[in-house]
Amino acid sequence: MSAPDRVLITDAAAELVARLVARHGPVMFHQSGGCCDGSAPMCYPDGDFIIGDHDVLLGVLDAAGSEVPVWISGPQFAAWKHTQLIIDVVPGRGAGFSLEAPEGMRFLTRGRAFTDDENALLESVPVITGSLPR
């Protein structure tokens, strides 16, 4: 049995990502830790958001044929590492800094707690941080 993915994307969110990639080129997500936008997954042109040394790569999504890395801050990862994050999209005005803001849609994160067995499998998988060469 292999470790589960730490992050997934819904079909609706993947379709929006495909439109954003067509318009902006490659994109990436950073799971926001709060402040102005709450805990929203923020979508940026890939490379426009500076990944910190302690940020953790949750995974690389396949969103309509595009590889989309998803990062989270180290302290937030420590709090949420027992949770599978699911990037979804709903109607509404998102953050001004996230690429979907003008689309009348906003990304959000849903979650599912990993089972004890899944957590045990995940403990054996090393995390990739922003301090490692990419």
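**View 1. The largest cavity of this predicted model holds about 40 Å³ of space.** Here we look inside the protein, as a prediction places its atoms. With a cut-off of 30 Å³ or more, the count comes to one cavity.

**View 2. Eight side-by-side names to find: R6, L58, I72, F77, W80, K81, T83 and L85 line the largest cavity.** If you sort this lining by class, you get five nonpolar, one polar and two charged residues. R6 and K81 are among the lining residues, and so are the aromatic residues F77 and W80. Two elements, α2 (74–80) and β6 (83–91), each give at least two residues to the lining.

**View 3. β1, β6 and β7 make up an open sheet of three strands.** Follow the strands across and the order reads β1-β6-β7, with mixed pairing. The edges belong to β1 (7–9) and β7 (105–113); each has a single partner strand, so one side of each has no neighbour in the sheet. On average, neighbouring strands in this sheet are turned by 25° against each other, ignoring direction.

**View 4. β6 and β7 run antiparallel, joined by nine bridges.** For a handy place to start, find V89: its bridge partner in β7 is F107.

Definitions and conventions
Residues numbered from 1 in each chain as written. Predicted model: local features only at pLDDT ≥ 70, side-chain atom pairs only at ≥ 80, totals over all residues. Heavy atoms only, no water. 1 Å grid on protein atoms, 1.4 Å probe; cavity = no way out; pocket = protein on both sides within 12 Å on 5 of 7 lines; lining within 4 Å. Points joined across faces, edges and corners; volume = space filled by probe spheres on them. Helix = DSSP H or I, 4+ residues; strand = E, 2+ residues; numbered from the N terminus. Nonpolar A, V, L, I, M, F, W, Y, C, P; charged D, E, K, R; others polar. Pairing = 2+ DSSP bridges. Axes fitted to C-alpha atoms, helices over the stretch in contact; angles between N-to-C directions.
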